Amino acid sequence: MKKHFILVFSTFLSVFLVTAQETKVEETKKPGHYNQNKFRQLNEELATPNMFRTASGAPGPAYYQQQADYKMNLVLDDKNTTLSGEETITYYNNSPDNLEYLWVQLDQNMRAPDSNTPLVENQKMQVATSVSQFSKTYIEESFQGGFHIDYVKDAKGKNMSYTINKTMMRINLDSPLKSGDKISFSIKWWYKINNYMVDGGRSGYEQFEDGNRLYVIAQFYPRMAVYSDVEGWQNMQFWGRGEFALPFGDFDVTISVPSDHIMEATGVLQNRKDVFTSEQLKRWELAEKTFDKPVVIVTQEEAENREKGFETTTKTWKYKAKNVRDFGFSTSRKFLLDAMAVKLETAQPMAISMYPKESNPLWGEYSTRAVAHTLKTYSHYTFDYPYPKAVSVSAQRQGMEYPMICWNFGRPEKDGTYTDRTKYGMLGVIIHEVGHNFFPMIVNSDERQWTWMDEGLNTFLEYLTEISFDPNFPADRGPAAKIVPYMKGNQDFISPIMSNSENIFQFGNNAYGKPATGLNILRETIMGHELFDYAFKTYANRWKFKHPTPEDFFRTMEDASAVDLDWFWRGWFYSTDYVDIGIKEVKQFAVTTEPTEEAKKLLARYGRNLDDMKDILFWVEEKDNMSSKSFNAEAIQPLNDFLATKYTVEERAKLKKPNYFYEVEFEKPGGMIMPIIAELHYEDGSTEEFRFPAQIWRMNNETAKRIFATEKRVVKIQLDPKLETADIDVNNNMWPKEELPSKFDELDKK
């Protein structure tokens, strides 16, 4: 009985499937085609694995990277707002290639009189403009910035030949630098420091009404370009948007500033006793042992006393930094400074903040705590923070990162009050910029080429850090719902994430928001926390203190999780496809032992005898009455006979008891593949969630069908009820159809 039932039932299914296929044969055969399935592998898009970078996403046995060590002596002239310096660079050629020349970055030349940066932007006449903006644009002389190179000399003091091409300088070698060799040479330079509040920029100074200045100094020295197995020399010009690509090295830096200044910088301060008072030294020693709250090292009273005078004498601060890719510093006589220790599993770095009195009470209350929390959270998801400190500097209208130090906006009103928007805005930028210590300062991707590799990954971890700092943190990037307004926008002004940094429309959404959202969707909906977190941590540890590419990230995430994500990378990163999954049709079916007319015709067509098909159950669509039961098990004798031969009475009591059968057809008007999340609402008010992996679309990228067998009557079906997939149109997510205002639109208004 049992075998007969299964055999006949299988035969019937085979007949049905063959017939269904034959009915689809068209009179005119379509031409052949290439594989356009969205689940095809990324072989064409990804670089071929090799001995430098493996197919697993890990560094290969022949992986190499160059090293550049710097010894610098700097002088900041506060009166004339200039910075001058002498540096000796020792460059190690660890590549297998002999190098005919060296490329050095001159980022300050973006502000030089002959810079091309102002010339590449399109202009359009506006309806109106302010008097000050009109004067700045059409009347006033522009800021005269850029490096002045006094000399480039070899280790013996001999002048070296060099050629400057805007923001890049080629040093012409007398003979190639052979593989495995090193070279030392010196550069002397100076430049005029910009007022970034007036002329913009990632660094410069902020002018206060009392005549004091707060300096945040970066991109201030000629810096070695990266030479790698991927691009050779990364010598793309610095246009102002695509940030930096830099080799690791050791820094030994002395900085002379007015003697009443307080400073922080990349690296470990070597002469704290020379620049701190005895009381400040005691407070610092206390901070090194304090883990629960910041200790004020330089007080507001001390800062207010200093800012009243303008010392003409100088003091030299000495820093050393190991294995960093860059160097930055900040100095002012206005600074307060507080610090606390951070306990990690394998390290105990210092969290530090510097800020003028104008930043209190907000900064004294929150900044260093946010720094400490960021180090703990990022370390949890990647690796223990390896540097000795992380510094947050209060700098108006800034948000920039450098190894161990960053500058961040957000200050209260003059009376000390502040809104939640100011508070959370400041916290968000501190978390973000401190987080950049991990990406790209340690996991050292090429920002000049791929902004998303540091900004996107960092924004993702920023979101996790924000909600762990405060569960009600008003995060503006990360959750899927936040990216929907961008995804549903005009396709003429949307770029794939995999676009060069200089060619991106809507920079913030594309390079920050969308990749962060994609990673959040992977973690929450596609992979799950355990698989995602392990793979993400594997990537971070494989590539810390190295130079990863997008392929290394994509491959590692798959290699460490056993989750095929080629479809996701292609859709979310390589295209502008958007998510739109809807319910196309819902049918209810009843079960009967009586063959339908359609079944009879099908059987007759293939010469099947109904007398031989006694143990077949037939489906019939309930077109008119979808509220009635579809199935009564006791009334179906063949099924009861079958179950009786397979299960005991006790076992049958535990079996499912479906009463209703629904065939649901899903459609995908959007091009982006996503899992289907369907929530069934039952007549008694209860709900049940069903999750189908993205591979449900693998054989048909446009439609998919599922059958739901339920004990209770379904009164409503809703897709993506928790807004997990960035679906841009929720109006087709409901059955029966309901015209509802978009939750995404409501979120966008808040």
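A charge is counted as sitting over a ring if NZ of Lys or CZ of Arg is within 6 Å of the ring centre and within 35 degrees of the ring normal.

Figure 1. Arginine 272 lies over the face of tryptophan 284, at 3.8 Å from the ring centre. Lysine 334 is placed over the face of phenylalanine 208, at 4.6 Å from the ring centre. In this predicted model, local features need pLDDT of at least 70 and side-chain atom pairs count only at pLDDT 80 or more, whereas totals for chains, interfaces and linings use all residues. Residues are numbered from 1 along each chain as its sequence is written, and side-chain values use heavy atoms, with hydrogens and water left out.

**Figure 2. Confidence along the protein chain.** The average pLDDT (the predictor's confidence in each residue, from 0 to 100) is 92, and 93% of the residues score at least 70. Over residues 1-25 the pLDDT is below 50, and this stretch has 32 contacts (heavy atoms within 4.5 Å) beyond near neighbours in sequence. Where pLDDT is low, the predicted coordinates should not be read in detail.

**Figure 3. The aromatic pair of tyrosine 355 and tryptophan 363.** Rings of Phe, Tyr and Trp (its six-membered ring) pair if their centres lie within 6.5 Å; planes under 30 degrees apart count as stacked, over 60 as edge-to-face and the rest as tilted. The whole structure holds 52 aromatic pairs. In the tilted pair of tyrosine 355 and tryptophan 363, the centres are 6.1 Å apart and the planes at 40 degrees. Both residues are buried (under 20% relative accessible area, with exposed over 50% and partly exposed in between; 1.4 Å probe, protein chains only).

**Figure 4. The largest nonpolar core, around phenylalanine 220.** A nonpolar core is a set of buried Ala, Val, Leu, Ile, Met, Phe, Trp, Tyr and Cys residues joined through side-chain atoms within 4.5 Å. The largest has 188 residues, and Phe220 is among those with the most contacts inside it. Helix α7 (residues 362-381) gives the largest share of this core, nine residues; helices (H or I, at least four residues) and strands (E, at least two) are DSSP runs, numbered from the N terminus. Not counting residues up to four places away in sequence, phenylalanine 220 touches residues including Met72, Phe147, Trp189 and Phe329.

Figure 5. Proline 361 belongs to the loop between β20 (350-355) and α7.
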